[in-house]
Amino acid sequence: MNDLYDCLHTCQGGIFESPTGTGKSLSIICASLTFLTDICSQSLNDLHTLSTPRDRIFRHDYTGMSIPAMKHETSKALLDLAANPKILYLSRTHSQLDQFVGEIKKTKWANTEKVRVVRLGSRSQLCLNEEVKSQKGLVEFKCKELVKHKDEEETKISDEENSQPGYNMVFKNHIQKYLESKKKIAKCPFYSEKELLRVHLLGNVCDIEDLITSGTRMKSCPYFATRSAIADADIILAPYSSILNKHNRHSIGISLESCYVIIDESHNLIDAITDYHSAAITKSQILACQKCFRDYYNLFVEKMFPRKRMFVEMALRVIDGFLSYINRHEILNKKVDSRERFLEESKLSDIDFFGMWDYFEEEDLTAKVYQHGPKSKETSKFNLYSMKAFADFILSMNEPDANILIFKDPEASQVNMKFLLLNPYNKFKKLLEESKCVVLAGGTLTPKEEFLKLFKGLPSNRLKNFSCGHVIPKENLMFSIIPSSSTGREFRFTFDTRDDIRMFQELAYVLVDISKVVPNGIVVFLPSYGFLKKIQDCFDEEIMKLLNQRKKVFFDSKDESMLKEYCECAERTGAILFAVVRGSLSEGINFSNKLGRCVIVIGMPYLNKNDLEVEVKMNYYNRLPDYSGNQFYENACHIAINQSIGRVIRHVKDFAIIILIDSRHEKSYNRRPDWIKRSYIKHDSLGGMLNSIRSFFRSKINAAN
């Protein structure tokens, strides 16, 4: 807590690693809001020392004043952003943000006279309009349609236009029908009453459920109420996607100039920055956009103002350039070009993509083009997704450090074009430059090379690197590695050994033996979904019978009820769950207590070097002077392992064992977090390890009784 306070006060950046269960969230809340209180108080004290009579009217004693009250006092003299500092807390998922709100409610800061908390969410999460909510995938578009206040330029039909010789009656009839349909669209009733909820949420600490409940009662829109409350907030809670992309944060009205940014769960931050600045579109989507823009152009060409006509023609030219490039290269399985070569070959080097995007936003052009497209439900939805993909691609084209990828999707039988950001570090650098301070926090940030690289160029005295151990006693965790089977066969699960049926069968019997000595729940993480399929194929009826005799077996799936059933079985009779590293079960889900008495990682979850994106990233890093493709490759693997094994041990009284199965883990032992390494026990045989496991759980259960 003290280290985080000092970091916010004296540094520009920080890396804070604190295992889950050590009070990370409460430490962030107490340290950051105490700091915010102190700097607001200091601002008032500084103003009091000024020499002008006007400034001396400020009170001397600020003890006990709330953050909003101190900001109000300061703003009497200071009209710039320095008088309104904020904490900007980011996390990856909305459930994590709501958990953070729950932690705030446990502290003195739950008293909203002390601090104003604003929890941001997406339109799809916060919308109360049943008609809009029912349009799955179209909520954002439908919302914008209801709240905008002006009609399109081309729908304004004056008497003068009607009287022009040669006036196209087909065009007139089309517009009249369109205007009649527009009249049927009422303004959203919740939008006009958003001010009621804004006042309420500034006076209460609200999570998403609170916002929905209060908004429904007041008939007030939570989405627009939260955005209008941003200026008065002291701490803003937002998902990654709202802030990491500059366009997104500007669109919701957030300036980083006065913000102290805390990015929680930042183990996948670099991938997130890359994703939010990349874009993908399929050939079929480009063809849909081409048809929509052509139809729109042919319909309105005589009525468009010159500026609009220029940008519609520009869009058609860009679409034709995209298609010509894909048509030349789709015969290949994959194609990679730099942004510059792509633009040159597509004859688009002179296009101002930023100006084009800016006009799209100003006039909501893609929505207008979509509205005049086909009206069948299936075609209409596909066209909308296509328009969004096209607009996102145009925005991404403004990034200089990127490659264009062309590749075929064999499962979907379609050609994809992707704009892939190569240098996420420059994006983070801009975030760092605009903010007061940026702190990365997470339960597992080991190895730290990539995170330290984000702060490259920052003086050592301006960066705080902090790691703490776990709150559990050393003896509450046992960590072991199994390099071989009981017969001495080496476990080395690689691409070359994927067809070694005997090795997979020996693995199965190791799991059977472990299931006999571990109570309750076991979670087994596998390198990929392909490996999961291999396990299912190789574990024959006899093996599955042996496993199910001890614990009911579950396999990772999209069935939401599966996890609930696993938890119930783990609590009662025992269960074993096969999940995938980097899958939905490896992040954001806590396997505490009986749900995860043992976590096992089989193999090494390396990225697929044959994947085009991985290949491009490795080639890019190999060209850097202080990093390499192999470092990126290794770090991605070990960060994923550490994140998965961190799913167990969630509080001070919890206990569990961690087992890594693969001979290569012995060489990478030092890549594990310190709190795990301190509990490492090396066994000479599988039998010796099983005896240790039996003794471990016997002692814990006896102590509990």
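**Exercise 1. Place His638 in the fold: is it buried or exposed, and which residues does it touch?**

Step 1. His638 is buried, with a relative accessible area of 1%; buried means under 20% relative accessible area, exposed over 50%, and partly exposed in between (1.4 Å probe, protein chains only).

Step 2. Its element is helix H29, residues 629–645. Helices (H or I, at least four residues) and strands (E, at least two) are DSSP runs, numbered from the N terminus.

Step 3. Not counting residues up to four places away in sequence, His638 touches Thr446, Pro447, Met604, Ser668, Arg671 and Arg672. Contact means heavy atoms within 4.5 Å.

A word on the model before going on: this is a predicted model, where local features need pLDDT of at least 70 and side-chain atom pairs count only at pLDDT 80 or more, while totals for chains, interfaces and linings use all residues. Residues are numbered from 1 along each chain as its sequence is written, and side-chain values use heavy atoms, with hydrogens and water left out.

**Exercise 2. Work out the setting of strand E16: why is it largely enclosed, and which strands does it join?**

Step 1. 5 of the 5 residues of E16 (residues 598–602) are buried, so the strand is largely enclosed by the rest of the structure.

Step 2. Now check the side chains. Cys598, Ile600 and Ile602 point one way, Val599 and Val601 the other way, and all are buried.

Step 3. Strand E13 (residues 521–526) runs parallel to E16 and is joined to it by 4 bridges; two strands pair if DSSP finds at least two bridges between them. Val523 stands opposite Val599 in this pairing.

Step 4. Strand E17 (residues 656–661) is parallel to E16 too, with 5 bridges between them. Here Val601 stands opposite Leu660.

**Exercise 3. Follow the chain onward to Leu607: where does it lie, and what does it contact?**

Step 1. Leu607 is in the loop between E16 and H28. Its relative accessible area is 21%, and it is partly exposed.

Step 2. Leaving aside neighbours within four places in sequence, Leu607 is in contact with Arg582, Val614, Phe632, Tyr633 and Ala636.

Step 3. Take Phe632 from that list: its C-alpha atom is separated by 9.9 Å from that of Leu607, and the two are 25 residues apart along the chain.

**Exercise 4. Which residues touch the most other members of the largest nonpolar core?**

Step 1. Recall the term: a nonpolar core is a set of buried Ala, Val, Leu, Ile, Met, Phe, Trp, Tyr and Cys residues joined through side-chain atoms within 4.5 Å.

Step 2. The largest such core has 67 residues, and Ile263 and Phe428 touch the most other members. Helix H28 (residues 612–622) gives the most to this core, with 6 residues.

Step 3. Not counting residues up to four places away in sequence, Phe428 touches Ile263, Leu269, Ile273, Val438, Leu440, Leu454 and Phe455.

Step 4. There is also a second, separate core of 52 residues, including Leu138, Leu343, Tyr370 and Met387.

**Exercise 5. Zoom out: how many helices and strands are there, and what share of the residues is buried?**

Step 1. The protein has 31 helices and 17 strands.

Step 2. Of its 705 residues, 54% are buried.

Step 3. Among contacts between residues at least 6 apart in sequence, 77% join residues at least 24 apart.
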